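Dear colleague,

Please find the structure below, followed by an account of what was found in it.

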Amino acid sequence: MSELPPSRLTHLQRLEAESIHIMREIAAQAEKPVMLYSVGKDSAAMLHVAKKAFFPSPPPFPLLHVDTTWKFKAMYALREKAAQEAGMELLVHKNPEAQAQGINPFDHGGLHTDMWKTEGLKQALDKYGFDAAFGGARRDEEKSRAKERVFSFRSADHRWDPKNQRPELWNLYNAKKAKGESLRVFPMSNWTELDIWQYIQLENIEIVPLYFAAPRPTVERDGMLLMVDDERFPLRDGETPEMRSIRFRTLGCYPLTGAVESEATNLSEVIQEMLLTTTSERQGRAIDHDASASMEKKKQEGYF
Amino acid sequence: MSELTPPIYETEALIGEDIDAYLELHQHKSMLRFITCGSVDDGKSTLIGRLLYDSKMIFEDQLASLEADSKKLGTQGQEIDFALLVDGLAAEREQGITIDVAYRFFATEKRKFIVADTPGHEQYTRNMVTGASTADLAVILIDARQGILTQTRRHSYLAHLLGIQHIVLAVNKMDLVDYDQARFDEIVSQYRDFADGLGMKAFTAIPLSGLAGDNVTQNSDNMAWYQGSALLPHLESVELQQEAAQAASFAMPVQWVNRPNLDFRGFSGLIATGRVAPGDAIRVVPSGKNSTIKSIVTMAKDGTEQRLDEAVAGQSVTLTLDTEIDCSRGDIIATADNPPAVADRFEATLIWMDEEALLPGRSYEMKIGTQTVAASVQTPKYQVNVNTMEHLATKTLELNAIGVVEISTTQKISFAPYAENRALGSFVLIDKMSNATVAAGLLHFSLRRADNIHWQATDIDRNAHAQLKNQKPLLLWFTGLSGSGKSTIANELEKILHTMNRHTFLLDGDNVRHGLNKDLGFTDADRVENIRRIGEVSKLMVDAGLIVLSAFISPFRAERDMVREMLPEGEFIEIFVDTPLEVAEQRDVKGLYKKARAGELKNFTGIDSPYEPPLNPDIRVNTAQMSAQEAAQHIVNQLFGL
C-alpha cells in the first residue's frame, strides 16, 4: 500500500494505521496479551496487521486458537503454517469437559458453541492468565457489535456489561484494570467486510482455500448447504453427499457453517460476488438465527 | 462544490462488468469520520438509515427483518422504519431511544464514511463528546417545523468545543413545511447569529428530508431554489482533518520501543502531525535531546523490510535515529526547531463522564498521548451551562458537566493547546481506584506559575538534616475511624521514640484543624484538601529530618496514596488503627457518634460518610485486643525490627 502517495492516505491505510496503534497500545500497557486466532479471513488480516505493527520484531504475544475439534480440515492446515511464518507461538485449547462428554454440533445444538467456544475461551484465558485478548470482530458484523468499544472491559468472570463500558475518546485507550479483570480488544473494529477483502488482496495475504469455489461434497439440510468435511458427519435417511461448486463467506465449525454455491475461484471474483450478493455475512452461521438480540446475550455470557 | 451529479454507484455496473477496474477505483478512497447530532424526533436515525440504504449497505435479510420489526415496533405504519436499523442494543429498542454511541459504515466511490451515531438528550452529553472526539465533521439535525431548539445550541456548542471544523446544519423534514424556502432562510439566519456568538467561523446549511430522500444523495426537484450540494456530495468533498494536520510541525508520541536485537532500536508510534523524512533533525521532548531521523521502517507485503521516503500524520510507523539517545514510551519525537511545549500546570476544559463527581485535589491518572502522569484538579473556575453557554459557579463537576479548571501534574509533560493540535492537547482522567475513565480534557495553555517559581535548591539538603539527627526520617501515618485510638497510640509511640533519642513531631487532626486548616469543613472535597495540606506539611518536616507522626482519619485510599507518592519510597509508613465501628462508637470519647446518630453532625466517617480501610497497610494494630501502650510497642518492634 505504500506505493500510493502518502500525503493522501487511503481509507485502508488509515484503518491499518489505527489497528497498528491499538495493537501497540496493548503491547505497551498489558502484562500478558494474546491474539485470538480463528484461522478465518478476519484473523488472517488481523495477524498481517500485527506483523506490520511490530516489524522487525515478531508480534510480542502468542496466538491462541480455541479449538472445537469441528473446524474444517483446511483450517487446521493453515493454522500451523501462519503461526510459524509470523514467528509466533501457537497455543491450542480444547475444552476437556466438552471433549470428555463428546459434545458435538449434531447432537447438542447451542450447547456445542457454549461449551467449546464460550467456556473453552474462558478456560484458556484463565489457564494462561492472559489479561488482554485481541479478537478480529468488526462493528459492521452485527447490531450489538456496533456499540462495542475497541477496548472491551470484562469482569473477573468474563462478563460484558453493555451499560458499564468506558468512554473511548480520541485515540486514548484506558487499559487499566484490577487483578483478575481482563480486556477484549478489537483492533479491526472499524473495518468492513469489503475492507478486509480488499486488504487481503492488496497485501497478498494467504487465506484458507475454502473461501474460493471448488467442487466439494455437500448436503442440503434445514435450508443450509453443508459440506461433508469428514466421516463424523452423520447422514440422515435419504441424504447422499452431492458434489457442488461451493465456497464459504465465513468459516466456523463445518457442521454449523453454510456454504454458498459459487464459481468464484479468485479474490476479485469473491469480492465481486460479495458486492452483488443480497444476504449479509452472518446469515451462514446457525448461531445468529434465534432472536435478533441473541448475540448481545451471548456476549454478556462471555462469547467473544 | 460545483458537482451536482449523482455521486454514488455510477460505477455500480462496473462490479458486474469489470471487477478489477472497480476495485482499482475503490482502493484510492479516502476516509471521513462524522457525527450526527439530534434526537429521535429530528429524524436522525431515519437519515442514517437512508444513507445506508441508498448506498446499498443494507442486505436483503436485514431488510426482511427490518420489515418485520417495522410492523411490530415501528412508528411509520406500514412503511419501513429506518430508525430501527440503527438503534442497536435490545434495551434501547424497547425504550425507543439511542443511549450509546453506535458506529456505522458506508462508502461511496470517493470515500469511506464512519458515522458516530450519538444520542441527543442532555443526560448523554458524554456520549456525544465521545463521538465528536474523532469526527472531522458534525451533522446537526433540526426539525424544520421546530427550528432552533435548546438542544441544537447544545449540540453546536459541543461540536465546536471538540474542535470540529466542518459543521453541517441539516434542516430536516422539509417535506412537512412544503419545501418552503422562506422557512429555511429564517432558520439559517437565526443559526448564523447563534454561531457567531459561539465563535464558530463557518457552517453549511442544507435543507433536506431523510424520510423522502430529498437532498440526501442528490439534489431534489422539490427544492430547486437550493443551489448548494446535497448532503452526500458535501460529505464527499470536505477537507479531512488528517490532511490538514500534515501542514503542522512533525510530532510523534512514542508508543513502544522496538528492539528485536542489539543492532536495531526503533521507536514506534502514530504520527500526530506533520511529515517526516530520513535526514530530518528531531528533538525528543521532554528530555530535549537532539538527533536525526535515520530511517522509516515498515514491512513489505512479502514480510521483508521496506524503508519509506516520507511518512505523514495519520500513519503508524517505526523510526530509527542516527544516534543512541534516551527515548521511551511517553516521549515525543518532534521537529527540532519547533517541538511541543513542556509544562506541569495548565488551564483546561473538563467534561466529566463518571457517576462519581470530581473531587478537587484528588490525584487522578492523566493519559495524554502516550504519557501517563498523576494529576490533580483545582476547584473549577466555572461550569458551563450547555444549554445557554452561561458560566456558573461550582465546587465540583458532576456527570455530563463541562467546566474550566486548573490542573497540575506531578511531572512535566509535552503538550500543545487543543485548539491548535487535537492529538497533543487532548487527555483523559482515570480514577486510580476504580480504573474508570472519569473525564475528557482539552488543554488550553500552560500557567506561568510553574515556569516562574523554580524549586529553590539549598546546600543543606534532606540527607544532611537526617545525618545530623542520626536517624532515618519517616512519616508514620495513622489512619482509622474517629475514636479508634489514633492520637492516643501516636502519643504513646512518641514517648517511646523520645526515650530512644529520636527527633519526632506529632501532627494531630483536631489540632491542625484549629490552625492551618481552619477554613476547611467536612465535605469530601474539603477532606481531600485537608489531607493534601497535611501531606505537604509532613513532607517538609520529613525533609527536615524528623520522624513525623500524623494521626488523621484520612478516610479515602486515594488521598493516603497521594501522600505516599509525595515522599521517597520507604519513608511513608501506613499504620492502620483497626478498630471496629461498634467498638469506636461504644467508646465515643468526644461524644461525636452520638451527635452523628442524632443527625446533628453531617458527613461523619463511618456513619454517613465512607471509610476505605487500607488494603495492604505497612503495620496494623488491633485496639480491641491491645492496649495503647502495647500497640505503640508493637509499632516500634515492626519499625526497628526488634
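In this model, the crossing of α7(B) and α8(B) is right-handed, a crossing being left-handed if the near helix is turned anticlockwise from the far one by less than a right angle, and right-handed if clockwise. The two elements are helix α7 (residues 125–132) of chain B and helix α8 (residues 150–161) of chain B, whose axes come within 10 Å and cross at roughly 40°. That makes α7(B) oblique to α8(B), since angles under 35 degrees count as roughly parallel, over 145 as roughly antiparallel, 65 to 115 as roughly perpendicular and the rest as oblique. Axes here are lines fitted to C-alpha atoms, for helices over the stretch in contact, with angles running from 0 to 180 degrees between N-to-C directions; helices (H or I, at least four residues) and strands (E, at least two) are DSSP runs, numbered from the N terminus. On the side of α7(B), B:Thr125, B:Met128 and B:Val129 meet B:Arg154, B:His155, B:Leu158 and B:Ala159 of α8(B), where contact means heavy atoms within 4.5 Å. By class, this contact has four nonpolar, two polar and one charged residues (Ala, Val, Leu, Ile, Met, Phe, Trp, Tyr, Cys and Pro count as nonpolar, Asp, Glu, Lys and Arg as charged, and the others, Gly among them, as polar).

Two notes on conventions belong here. The model is predicted, and local features need pLDDT of at least 70, while side-chain atom pairs count only at pLDDT 80 or more and totals for chains, interfaces and linings use all residues. Residues are numbered from 1 along each chain as its sequence is written, chains are lettered from A and ligands numbered from 1 in the order in which they are written, and side-chain values use heavy atoms, with hydrogens and water left out.

Turning to chain A, there are nine helices and ten strands, and of its 304 residues 64% count as buried, buried meaning under 20% relative accessible area, exposed over 50% and partly exposed in between (1.4 Å probe, protein chains only). Helix α2 (residues 41–54) of chain A and helix α7 (residues 193–202) of chain A pack with their axes 10 Å apart, at an angle of about 60°. That makes α2(A) oblique to α7(A), and the crossing of this pair is left-handed. The residues of α2(A) in the contact include A:Ala45, A:His48 and A:Val49, and those of α7(A) include A:Ile196, A:Trp197 and A:Ile200; by class, the contact has six nonpolar, one polar and four charged residues. Nine of the ten residues of α7(A) are buried, and these buried residues pack against α1 (11–29), α2 and α8 (267–276) of chain A together with α2 (19–26) and β3 (111–117) of chain B.

Just after α7(A) comes A:Asn204, with a positive phi of about 60°, although A:Asn204 is not a glycine. Most residues other than glycine have a negative phi, and most peptide bonds are trans. A:Asn204 is found in the loop between α7 and β7 (214–221) of chain A and counts as exposed, at 64% relative accessibility. In chain B, phi of B:Asp178 is likewise positive, near 55°; B:Asp178 lies in the loop between β5 (166–172) and α9 of chain B, and counts as exposed at 68% relative accessibility. A cis peptide bond joins A:Phe55 and A:Pro56, with omega about 5°, and A:Pro56 sits in the loop between α2 and β2 (63–66) of chain A.

As for aromatic residues, the count comes to 25 aromatic pairs over all chains, where rings of Phe, Tyr and Trp (its six-membered ring) pair if their centres lie within 6.5 Å, planes under 30 degrees apart counting as stacked, over 60 as edge-to-face and the rest as tilted. One of them is the edge-to-face pair of A:Phe54 and A:Phe61, 5.7 Å centre to centre with 85° between the planes. A:Phe54 is buried, with a relative accessible area of 0%, and A:Phe61 is buried at 4%.

Best wishes
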